[in-house]
Amino acid sequence: RLGIFIFVLWCFPREQQNSDQNIPRWIQIFLPLADLFAQDAGLWMERYFVRASGNIKKWSNEAGYQWSPARIFGLQLSVMIVAVILFGALFYLVSANVWTSVPLLVFIAFSAWIMPLYLIHRYAKIRMNQIAKILPFAIDLICSSMSAGLDFVSSIRYYTTLKMKDPLSLEFDILLREIELGKTRSDALRSMAERISIKSI
């Protein structure tokens, strides 16, 4: 029954966030269930695990997802529950020994709980390295554009029109949208610096 419920949630049409389109397909499958858990259990965990929530929010921003800690807690819960049910059913079908299957299920539950967080942290490190590598080229191009007569914001907009699809271009897109929505340039740049934990930024 749970498998049918998850399948229905997966197939049910929903509006994806922009950040959701850049994540692995297998994680996208769990997002409807994760959002369901995030409404109650995820918010409770975010409220009571403040320090962990801060780290999770930081890794989420660095990975480019910009998810709330509640959503990531919901993702961890959904992956853990599905993994325990699937492997529990498998152990039942093969008539596994209870004293063997229970410790294995505990290990599987722990591994499934940690996996989404580990992957987000890994994606964050990869993305920060990509931004660090492309940053010198971006600065040179922006400075050259300003020397040619463009202002700072127009130079950044010109960089984004090159459609290089690197993480820094995506961050510059967010920066421009925030400025268009009324944020001052200084505040938008500070927000970008908070999302990217690189000293050169």
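Q: What makes the pair glutamate 171 and arginine 195 a salt bridge?
A: Their side chains meet at 2.7 Å, N to O. A salt bridge needs a side-chain nitrogen of Lys or Arg within 4 Å of a carboxyl oxygen of Asp or Glu, so the pair qualifies. Glutamate 171 lies in helix 7 and arginine 195 in helix 8 (residues 185-195), so the bridge ties together parts that are 24 residues apart in sequence. Helices here are DSSP runs (H or I, at least four residues), numbered from the N terminus.

Q: What kind of model is this, and which residues count?
A: This is a predicted model: local features need pLDDT of at least 70, side-chain atom pairs count only at pLDDT 80 or more, and totals for chains, interfaces and linings use all residues. Residues are numbered from 1 along each chain as its sequence is written, and side-chain values use heavy atoms, with hydrogens and water left out.

Q: Why is glutamate 171 called buried?
A: Its relative accessible area is 0%. Buried means under 20%, exposed over 50%, and partly exposed in between (1.4 Å probe, protein chains only). Arginine 195, at 7%, therefore counts as buried.

Q: How do you know that arginine 195 also forms a salt bridge with glutamate 178?
A: The closest N and O atoms are 3.6 Å apart, so the pair meets the definition. Arginine 195 lies in helix 8 and glutamate 178 in helix 7, 17 residues apart in sequence. Glutamate 178 has 18% relative accessibility, so it counts as buried.

Q: Which residues are linked in a network of salt bridges?
A: The network links Arg127, Glu171, Glu178, Lys183 and Arg195. By this rule the count comes to eight salt bridges.

Q: Is glutamate 180 buried or exposed?
A: Glutamate 180 is at 57% relative accessibility, so it counts as exposed. Glutamate 180 forms a salt bridge with arginine 157, with the closest N and O atoms 3.4 Å apart. Arginine 157, at 34%, counts as partly exposed.

Q: Why is helix 3 called roughly perpendicular to helix 4?
A: The axes of helix 3 (residues 50-63) and helix 4 (residues 69-93) come within 9 Å and cross at roughly 95°. Angles of 65 to 115 degrees count as roughly perpendicular, under 35 as roughly parallel, over 145 as roughly antiparallel, and the rest as oblique. Helix 3 is therefore roughly perpendicular to helix 4.

Notes
Helix = DSSP H or I, 4+ residues; strand = E, 2+ residues; numbered from the N terminus. Axes fitted to C-alpha atoms, helices over the stretch in contact; angles between N-to-C directions.
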